[in-house]
Amino acid sequence: MSGQEHDFSHLDRAGRTTAGVARSPRLAVMLTIGIGVALAWFLLGAMAIRGAESRLVGAPGDVLLENLPGLPLPDFLDRFFALCLAPAPLAGPTGLQAPALVLMWFLMAVATMLPSAAPLIHTYCEIADTARIKGEPVVHPLVLVGGYLTTWLCASAAFTALTLAVYAFASSGRMLDPAVGLAGAAALLVAGFYQFSGLKQACLEKCRNPFSILFANWSAKPRRIFRLGLEQGVWCLGCCWALMLVMFAVGAMNVFWMALIGLFTLIEKQTTGRVASRVAGAILLVWAAALLLVSA
């Protein structure tokens, strides 16, 4: 592309900024991811505030949430929140509550897991920039992101089915309250033991070394890059699915635990060795044992 084609001096400031973003896939992708993560956290935070306001018995963090300023939200968001915060499984229309829960779990995945995929996406953008400079065809990075998020969308459907199953038998009166007793302890036990498993470490290794995987599977075909995003999403899911079960023990709309899990996932993927995984696993197992003792 010639220098004349890169000349945006005839545009106003907003036009030059927009053209610069459009010309840089890396910047456009990172902005898209940042906006998506921020929007997911905003919606989850607003839902958590609604849940704290409607709870008769306060949960940890409710006092802080109740004191946050309420925001006027569109009616469709209030209906979405009401379906997710229903007092019992399938209390709302059967055809609407399940999709609402899928969307809720997907927002949680975007908020907590997508930031940990940023190194993978950034690495892809760097390889793509090198290929583009050489004049080689390149698939837009958002195709890779789309494949990654598709995996988590499928996982969200599975978590929704588990949510409906757990709360169909739980003593809790509300859909997203903590699953206490055996249900909560079982979630913590599974999450804790999985932290020590070989499968967990194998998935972590794949997530920690994105360059070799991307370089070995590089392609100029969108279908293959989308499939690569799916595969990387599966490895990420293999790292984190058990940690997502912790949300059953603390309450699915506990934004403080969401943030903690998201931060831990990011740290775990960026560090080497097994220390972080084993420490987290030990904490979860002790927590599960304590919950069993209290419930006995």
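**Exercise 1. Find the accessible surface of the chain and the share of it that belongs to carbon and sulfur atoms.**

Solution. The accessible surface of the chain comes to about 14700 Å². Carbon and sulfur atoms hold 70% of that area. Keep in mind that this model is predicted. Next, turn to burial. A residue counts as buried when its relative accessible area is under 20%. By that cut-off, 44% of the 296 residues are buried.

**Exercise 2. State how many helices and strands the chain has.**

Solution. Count the elements. There are 13 helices and 0 strands. Now look at contacts between residues at least 6 apart in sequence. Of these, 78% join residues at least 24 apart.

**Exercise 3. Take the UniProt "transmembrane region" annotation and describe the chain over residues 27–49 and 275–294.**

Solution. The annotation comes from an unreviewed UniProt entry. Residues 27–49 are 100% helix, with end C-alpha atoms 33 Å apart. Residues 275–294 are also 100% helix, and their end C-alpha atoms lie 29 Å apart.

**Exercise 4. Compare the reach of helix α8 with the expected span, then find what its buried residues pack against.**

Solution. Helix α8 covers residues 181–194, which is 14 residues. Its first and last C-alpha atoms are 20 Å apart, close to the 20 Å expected at 1.5 Å a residue. List the buried residues: Gly181, Gly184, Ala185, Ala187, Leu188, Ala191, Gly192 and Tyr194. In an α-helix, residues three or four places apart point the same way, because a turn takes 3.6 residues. Finally, name the partners. The buried residues of α8 pack against α9 (198–208), α11 (222–250) and α13 (275–295).

Notes
Residues are numbered from 1 along each chain as its sequence is written. This is a predicted model: local features need pLDDT of at least 70, side-chain atom pairs count only at pLDDT 80 or more; totals for chains, interfaces and linings use all residues. Side-chain values use heavy atoms; hydrogens and water are left out. UniProt positions are given in the numbering used here, feature names are shortened, and annotations may be inferred rather than shown by experiment. Helices (H or I, at least four residues) and strands (E, at least two) are DSSP runs, numbered from the N terminus. Buried means under 20% relative accessible area, exposed over 50%, partly exposed in between (1.4 Å probe, protein chains only). Contact means heavy atoms within 4.5 Å. Accessible areas come from the Shrake-Rupley method with a 1.4 Å probe; for residues, only the protein chains shown count as cover. The expected span of a helix is 1.5 Å times one less than its number of residues.
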